[in-house]
Amino acid sequence: MRTIALLAALGTLVWAGTSAASTSNDQTTAGRGAIARFESYLESYPDSPSRAEVLFTLGQLYEEAETGAAMDATGLAGETPNAIGHPGAIRCYTAVADSYPEFAERPACLYRLGFVLIDAGEQERAAQRLR
């Protein structure tokens with residue numbers, strides 16, 4: 001129960017910090033801070049019963065941060081650049097998909113994994129995951 005309360009509090013801080021950001025730079029900083037906090041949580045509590053949920057949320061944070069970084073780097077406003085690298089998102093989503101078959105959000109995780117793999121230019125691997 002303490003782990004769930006800690007996770008809920010951490011999540012609240014993460015989303016509050018992200019939504020309070022007023023500029024792209026602020027959002028990037030808030031996103032990096034959120035990622036660091038979730039990574040720290042995983043390191044501090046390797047056997048947490050909430051590990052799958054934390055990994056899934058972390059994957060979403062990485063996906064958002066990595067997409068934003070790629071768009072900023074290419075100068076594309078409102079367009080998705082080709083072959084966005086998503087190493088953090090792919091790592092987290094793969095860990096959930098492979099290690100937590102009973103996780104309630106696993107289908108959503110597999111779906112997101114498929115699409116970040118497509119963004120990363122790994123169509124064959126994405127097709128395997130989306131089956």
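Tutor: A disulfide is counted when a pair of cysteine sulfur atoms lies within 2.5 Å. This is a predicted model, in which local features need pLDDT of at least 70, side-chain atom pairs count only at pLDDT 80 or more, and totals for chains, interfaces and linings use all residues. Residues are numbered from 1 along each chain as its sequence is written, and side-chain values use heavy atoms, with hydrogens and water left out.

Student: How many disulfides does the structure hold?

Tutor: The structure holds 0. The closest cysteine sulfur to that of C109 is in C92, 8.9 Å away, which is too far for a bond.

Student: Are C92 and C109 buried or exposed?

Tutor: Buried means under 20% relative accessible area, exposed over 50%, and partly exposed in between (1.4 Å probe, protein chains only). C92 is buried at 0%, and C109 is buried at 0%.

Student: What describes two packed helices?

Tutor: The angle between their axes and the distance between the axes. Here α5 (residues 106-119) and α6 (residues 123-130) pack at about 170 degrees, with axes 8 Å apart. That makes α5 roughly antiparallel to α6 (angles over 145 degrees). The contact (heavy atoms within 4.5 Å) includes L110 and L113 of α5 and A126 and L130 of α6.

Conventions
Axes fitted to C-alpha atoms, helices over the stretch in contact; angles between N-to-C directions. Helix = DSSP H or I, 4+ residues; strand = E, 2+ residues; numbered from the N terminus. Parallel < 35°, antiparallel > 145°, perpendicular 65-115°, else oblique.
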